[in-house]
There are 4 protein chains.
Amino acid sequence: MSSSFGRLFVVTTFGESHGAGVGVVVDGMPPGIAVDPAAIQHELDRRRPGQSALTTQRKEADQVEILSGVFEGMTLGTPIAMLVRNTDARSRDYDTLKDVFRPGHADYSYWQKYGVRDHRGGGRSSGRETVGRVAAGALARLALATVNVSVVGGTVQVGAVRATRRDWDQVEQNPVRCPDAEAAAAMARAIEAARDDQDSVGGVVEIVARGVPAGWGDPTMSKLDAMLGAAMLSIPATKGVEIGGGFAMIERHGSETNDVFENGRHLTNFNGGISGGISNGAEVVVRVAVRPATSIGKTQSAATKAGGSAPFAIEGRHDPCSCPRVVPVAEAMMAVTLMDAWLRQRALRGREA
Amino acid sequence: MSSSFGRLFVVTTFGESHGAGVGVVVDGMPPGIAVDPAAIQHELDRRRPGQSALTTQRKEADQVEILSGVFEGMTLGTPIAMLVRNTDARSRDYDTLKDVFRPGHADYSYWQKYGVRDHRGGGRSSGRETVGRVAAGALARLALATVNVSVVGGTVQVGAVRATRRDWDQVEQNPVRCPDAEAAAAMARAIEAARDDQDSVGGVVEIVARGVPAGWGDPTMSKLDAMLGAAMLSIPATKGVEIGGGFAMIERHGSETNDVFENGRHLTNFNGGISGGISNGAEVVVRVAVRPATSIGKTQSAATKAGGSAPFAIEGRHDPCSCPRVVPVAEAMMAVTLMDAWLRQRALRGREA
Amino acid sequence: MSSSFGRLFVVTTFGESHGAGVGVVVDGMPPGIAVDPAAIQHELDRRRPGQSALTTQRKEADQVEILSGVFEGMTLGTPIAMLVRNTDARSRDYDTLKDVFRPGHADYSYWQKYGVRDHRGGGRSSGRETVGRVAAGALARLALATVNVSVVGGTVQVGAVRATRRDWDQVEQNPVRCPDAEAAAAMARAIEAARDDQDSVGGVVEIVARGVPAGWGDPTMSKLDAMLGAAMLSIPATKGVEIGGGFAMIERHGSETNDVFENGRHLTNFNGGISGGISNGAEVVVRVAVRPATSIGKTQSAATKAGGSAPFAIEGRHDPCSCPRVVPVAEAMMAVTLMDAWLRQRALRGREA
Amino acid sequence: MSSSFGRLFVVTTFGESHGAGVGVVVDGMPPGIAVDPAAIQHELDRRRPGQSALTTQRKEADQVEILSGVFEGMTLGTPIAMLVRNTDARSRDYDTLKDVFRPGHADYSYWQKYGVRDHRGGGRSSGRETVGRVAAGALARLALATVNVSVVGGTVQVGAVRATRRDWDQVEQNPVRCPDAEAAAAMARAIEAARDDQDSVGGVVEIVARGVPAGWGDPTMSKLDAMLGAAMLSIPATKGVEIGGGFAMIERHGSETNDVFENGRHLTNFNGGISGGISNGAEVVVRVAVRPATSIGKTQSAATKAGGSAPFAIEGRHDPCSCPRVVPVAEAMMAVTLMDAWLRQRALRGREA
């Protein structure tokens, strides 16, 4: 408790990394929306391991099965359950992890919380849990598209390398998922360097929602910024989130950051499209700090269940930088958050948006 | 919808800045906890306007009345309602604000959302709403103290001035609420400079929770980081939140940020006391980006309801930097978030903590 | 936890019978709805003690104060807090109740649950808590009226006396609140007989909602019948609820109770206006079993905190039949439940109703 | 929205009667509880169609697959997803139901609510949705057993035939699931008579929980009676619920129904083990009114989508009385409700129960 996100568009994920499968139940999807399973599969394929040399080589087909809620290609308004089987789950022997708490991972905190744990590759704390989020996000996108709201995103920083352009069309053209082709190459080199050093590197993912009308988000505790904060910081490996100008606004003055509004548009967007917790008609902009991946080949000291410590290194290949695969997950969480805010606004005003 | 935070320790605030009053209902406070009303009043006094030359001079006694849930100095386990009357609410004529959307404020987005608004000084979007949060946080602190969990906080950056020390005892010794006496003086000068320029300046508030045992926080959607993200970004004027190393971790490697755990403690705390969304026994550390205050004396262009624009400047005195007064609010939201996580863990394990 | 009802129209009551006051926060009231405080006061007056010789003579003015959420006579869409002060709270000495668990009351179960209790007249378990419900219900009625939904109710059985007519206009014409003038007289005699015998008697309250369009109520766990069941059984002294034909349908056959639908209307209404948990366009009909009041003058054995027992009798006058005062409360809970279902449907379909 | 029940033990069902399958996600199951899949399958087998001549002959193996949350036979504390495939889903041609609203069914109200519907055998409104409830209830039973709480139930009335004994051991000895062997035979005859007449008959199911300690249930809106009311009235075909004495208490007096408490036990149990919404240590007793089944062979008038009406009769065999199969479902909902109340109490008091 609790694996659910949202009040009206309720996304509940389930599954461990090496159990039978992972999945999601989406409760609150409006009826009458056309669902092309390929659109969902497309998003899952973006999240899938093994897409490039920069990501882990775990083999997972990640084929989604829609179990309910869709009939004759149309949503029924009933819960939509989706399941992805784990197929590469038994390929390694995880017994060595049974009595050790891997550095940086959640092994120790899970053990303290639950008193039991699934030591096979992270269990519930694995990034594999995000499969369900991405599937739910794909549904949210389909619904949001009916009111012309869309979501894009990409990696805008890796280590010290920053993107200076936002050519969102570039994102799927490079393995880093960077909206700046030139920076992408430098980012790839930074990732390879970390990998070659048996290490990992962090980054920043930026997500932008377009077409969001003014009025979404619910003061005071369900402000759109607050819900986005929860959404993003619930993604594994994230340790920071900022809206619009974020931390960079601190060194500025109110006269710069007040986003003067003239002729129906804001002249700047320091507030990232959200004023007082409510969308203001500008693009909604969120950036997420992605920690260096915890699974590294370098040997570190690991605590043991017995109370001592032992040298430890991750074998096999893992993602040296999580950003490329966090992108579709963070996009999904943006879509899911907007979906919930949209439905709340429909409830409040009794009209489409 | 919705003004409630938390699942088991449910904090619901109410009130507009110039209505009859502001307050809170706290549902889920455990029974049998001694409540000294002075402890609650103390926290409200820290949040109150007019404490120093650096803050707004609005006169509010902010005397809290406990309406329910406490009997013979002890919590009953029933909802605790607390009310603070607005006393300085009629001292200004707000009619000039009726048809204008102040730059940077939530006037326009509220109008778009609700179709009506209380134009008197921000109404519900006013920082005055945080009175209820602080009162709730004071209750949470009383309960958390029974298991030796405490919360401290302070302003660690104003404009370009950064605190380099964390002497939490210093916080109430300077009007900036900075845990670094030397930096405090420089921060005060930065605030005064902004004020003298009819402008405002941003900053960073850091909150630290001590004594949190390993095991609090609920994967996957109610991770402790996620709940803290929502808590902090629901505070007016916040635009960013980071846990532990936060955005600064991006330029580091996994071998540095994995927080090796030996002999029962973490050697570093890049993860801010949270692993996999669950407290890991280290101090829980959160930093919040506080935007430059939107109410400034400088003239800016404001949109009007009629669709045009007009020059606009805030009259009277307002906070040129929100940080000193955000500190007790952010501390309160940390306490409230921990309280909820604690009660969830009690439910999960059926024991004290 | 928890004193809140509803998901989108969230009603949170607070207050003990002999504390400072009782009240409610309503979060989710749509904006732009005219609020006449007299309409709220009118409903509270119907619930108030001392209205007739058949009810308790506790003196309470029950004057409601709206603390927030209403501006210039219009709802803002923000939480509406309402407070009723307890004025007759100190008139009795409750010390004799400190160490005794009154028969039939919740004294013992509260003590077991919380480990502390407010022994003054029931504390939180007192029927006085329903003040907040009635105030919330009055708001719900104002909103529902904008789509021509209205709620009526009355006492339809007292002891063995049953109403055979449903002249809702009669309800406020007799102290029993019975929609059958003839039966009302017999009911009054039954109540007086119980009272004269230092005893109490039970009854049935029926609530009818008119104008509810087809489509309200959310399968599968938030079916309209389920939500009404929770709403009614959360009212003190209720021990049963039935929808439409209810328990009387058991001895019938499907061919009778299927409510054949022709020419846009149901020929019968055994299902009480709800099919599959969703309103079907017919009147929504609910009946509530109201237990004989627990406070009686007759001497009974009461358990003591010390573990023994002692003869016990309630002094002073109490309601010998709760039905007349349950009527406005049950009406309020019907209105609150429909309000929540309505807002959910607006979210689902993105239109008025 | 919404298909979830419970706040801490959250049960979310999914699935349509003729889609890929039906199932449930249980979020909030405590960790470390042994799970024997056979115990879950046993409960599903009790609910399964085709168990006797008195129930529908639809062929469904109803084999449950646990997809997550259980590792090495032990709960992990993570969500437990369970899936049952529909195997007999394509055996009939449902096209004739496409444009007709079956009498008594939810076809029309679903259509009004959602604007689309799955016309194949009821879709989401089918009793088949209860598969997920029963699986969740089986988990709840396993957890409750660790504190010696158990749940029994049976059919206590069919048509005019009432059980006068409560030999719970008899329940699985007769196809009616009646705890009174003699009455069971008469009930079976009543069901057969209805069936032979192409009709159906109603009944009452009683559920009893033993071993519930005093203190479970949360005033004021989540009272144990209220939660049981919602739980039971969310089961298809139910139209009434009563606690303890229920409607029969109306004709009694307070001096009889106050359940005098002496020497640690209540002398009577008119309040069904619940005082003020909190368990009082006595057995928790609930009775549910089960409407005559809507699917009958008799020809009735049915409305058509086109706005007219047409003669309609259900072909094939259906349950002429729902009670025998409602018994395991109502037991499951009792277990689920108690589970949630138990976990809330653990949160409140920070101890086992």
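How many bridges join strand β9 (residues 150–158) of chain C to β10(C), and do the two strands run parallel or antiparallel? In this predicted model, 2 bridges join β9(C) to β10(C), and the two strands run antiparallel. Within that pairing, C:Val158 has C:Val161 of β10(C) as its bridge partner.

**A sheet that spans chains C and D**

The strands β9(C) and β10(C) belong to an open sheet of 10 strands, which follow one another in the order β10(C)-β9(C)-β11(C)-β17(C)-β12(C)-β12(D)-β17(D)-β11(D)-β9(D)-β10(D), with antiparallel pairing. At the edges stand β10 (161–162) of chain C and β10 (161–162) of chain D, and because each has a single partner strand, one side of each is left without a neighbour in the sheet. In general, the strands of a sheet pair through backbone hydrogen bonds, either parallel or antiparallel. The step from chain C to chain D is made by strand β12 (residues 238–243) of chain C and strand β12 (residues 238–243) of chain D, which run antiparallel and are joined by 3 bridges. In one of these strands, β12(D), the residue D:Glu242 is the bridge partner of C:Gly240.

**Two interfaces**

The contact between chain C and chain D takes 99 residues from chain C and 99 residues from chain D, whereas the contact between chain A and chain C takes 13 residues from chain A and 13 residues from chain C. The size of an interface is often given as the accessible area lost when the parts come together, and the table sets out this area for each pair of chains.

| Chains | Buried area | Share from carbon and sulfur atoms |
|---|---|---|
| chain C and chain D | about 7,700 Å² | 58% |
| chain A and chain C | about 1,100 Å² | 57% |

Between chain C and chain D there are 6 salt bridges, including the one that D:Asp218 forms with C:Lys113, where the closest N and O atoms are 3.5 Å apart. The same interface of chain C and chain D holds 53 residue pairs in polar contact, with both residues at pLDDT 80 or more. Sorted by class, the side of chain C that touches chain D is made up of 40 nonpolar, 38 polar and 21 charged residues.

For chain A and chain C, the residues of chain A that lose the most area to chain C are A:Arg7, A:Ala347 and A:Leu348, which together account for 40% of what that side buries. Across this interface of chain A and chain C there are 0 salt bridges, although 7 residue pairs are in polar contact, again with both residues at pLDDT 80 or more. Helix α7 (residues 323–349) of chain A supplies 5 residues, the largest share of the side of chain A that touches chain C. By class, that side of chain A has 7 nonpolar, 1 polar and 5 charged residues.

**Features within chain A**

Chain A has an open sheet of 3 strands in the order β8-β18-β19, with antiparallel pairing. Here β8 (100–101) and β19 (309–312) of chain A stand at the edges, each with a single partner strand, so one side of each has no neighbour in the sheet. Strand β18 (residues 300–304) of chain A is joined to β19(A) by 4 bridges, the two running antiparallel, and A:Ser301 has A:Pro311 of β19(A) as its bridge partner.

Over all chains, the whole structure contains 19 aromatic pairs. One of them is the tilted pair of A:Tyr110 and A:Tyr114, at 5.4 Å centre to centre and with 45 degrees between the planes. Because A:Tyr110 and A:Tyr114 are 4 residues apart in helix α2 (residues 107–114) of chain A, about one helical turn separates them.

Technical notes: Residues are numbered from 1 along each chain as its sequence is written. Chains are lettered from A and ligands numbered from 1 in the order in which they are written. This is a predicted model: local features need pLDDT of at least 70, side-chain atom pairs count only at pLDDT 80 or more; totals for chains, interfaces and linings use all residues. Side-chain values use heavy atoms; hydrogens and water are left out. Contact means heavy atoms within 4.5 Å. Buried area is the accessible area (1.4 Å probe) that two parts lose on being put together, summed over both. A salt bridge is a side-chain nitrogen of Lys or Arg within 4 Å of a carboxyl oxygen of Asp or Glu. A polar contact is a pair of N or O atoms within 3.5 Å; within protein, one must be able to donate a hydrogen and the other to accept it, and residues adjacent in sequence count only if both atoms are side-chain atoms. Ala, Val, Leu, Ile, Met, Phe, Trp, Tyr, Cys and Pro count as nonpolar, Asp, Glu, Lys and Arg as charged, and the others, Gly among them, as polar. Two strands pair if DSSP finds at least two bridges between them. Rings of Phe, Tyr and Trp (its six-membered ring) pair if their centres lie within 6.5 Å; planes under 30 degrees apart count as stacked, over 60 as edge-to-face and the rest as tilted.
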